[in-house]
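Work through the exercises below with the sequence and the model open. Each task is followed by a solution in steps.

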Amino acid sequence: MSAELKYQNNIAIITLKRPEARNALNTEMIANLESIVSKISQRSLRAAIFTGDGTQAFCAGADITELQHRSAERHLDTIRKGQNLFQQIHQLNFPTLACIQGAALGGGLELALACTFRICSTAARLGLPEIKLGLIPGYGGTQRLPRLIGQSKALELILSGKIINAEEAFRIGLVQHIFESEDPVNAGLQYLDSFGAQFPAAVQHALKAVQSASDLDIHTGLALEADLFIGASQTADAAEGIYAFLAKRPAQFQQK
């Protein structure tokens with residue numbers, strides 16, 4: 001098993017488990033992750049955490065041993081599978097968090113970019129070094145990175161293949177938080193707790209609205225926002241949130 005799924009406090013914890021290969025993405029791991037993402041997408045979860053086994057790497061990227069002697073058709077099939085998987089992660093109806101300890105390179109960073117949030121350890125190293133192999137990122141890096149940190153900075157990282165440290169990643173907005181713990185899952189749980197004990201049902205509406213912002217013109221985006229606001233307003237959580245505010249007590253959300 002190259003990827004493992006567990007649950008804790010209604011949070012899915014997905015661990016990449018190829019420590020001998022620095023958790024590199026190979027065909028088996030992509031297939032396992034597809035199965036896991038399909039499974040968790042059917043559940044009403046608070047969030048999902050992605051992390052890597054061991055301290056050396058979150059994920060060191062694609063397994064280079066699988067790239068040799070491939071036809072263009074095989075490469076395209078592999079790229080499409082990776083892109084589809086990461087898009088499914090991006091479109092989940094609950095927040096996702098990449099907890100990065102060690103290296104997050106190439107496809108590993110692209111996996112993290114597909115998540116809603118990214119946090120990393122003080123010793124983390126992040127980058128898209130594909131250019132050093134005569135390649136370019138193929139699992140969404142050229143599309144998601146500029147949306148996150150801007151086109152010029154994204155081009156600088158992609159064209160140089162530069163690997164940056166945690167402080168630089170935080171400074172440019174690539175990660176939202178740096179942790180010192182040697183337990184990335186615990187760090188992730190603590191980070192999610194900062195949002196409150198329970199997320200209301202409106203989270204999925206907010207995710208959809210914000211994630212569409214880069215793809216829509218302002219008028220279409222505002223219309224979508226209005227529709228999603230109406231949808232959120234009709235949930236039981238909205239009724240509870242308003243009533244609790246007026247009653248001056250904490251809301252008890254049920255994600256309904």
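**Exercise 1.** Decide whether Phe86 is buried or exposed.

Solution. Phe86 has 0% relative accessibility, so it counts as buried. Buried means under 20% relative accessible area, exposed over 50%, and partly exposed in between (1.4 Å probe, protein chains only). The model is predicted: local features need pLDDT of at least 70, side-chain atom pairs count only at pLDDT 80 or more, and totals for chains, interfaces and linings use all residues. Residues are numbered from 1 along each chain as its sequence is written, and side-chain values use heavy atoms, with hydrogens and water left out.

**Exercise 2.** Find the aromatic pairs in the whole structure and classify each.

Solution. Step one: the search gives two aromatic pairs. Rings of Phe, Tyr and Trp (its six-membered ring) pair if their centres lie within 6.5 Å; planes under 30 degrees apart count as stacked, over 60 as edge-to-face and the rest as tilted.

Step two: Phe86 and Tyr139 have ring centres 5.5 Å apart and planes at 85 degrees, so this pair is edge-to-face. Tyr139 is buried, because its relative accessible area is 8%.

Step three: for Phe117 and Tyr191 the centres are 5.9 Å apart and the planes at 65 degrees, so this pair is edge-to-face. Tyr191, with a relative accessible area of 14%, is buried.

**Exercise 3.** Which ring does the charged end of Arg43 sit over?

Solution. The ring is that of Tyr7, and the charged end of Arg43 is 4.0 Å from its centre. The criterion is NZ of Lys or CZ of Arg within 6 Å of the ring centre and within 35 degrees of the ring normal.
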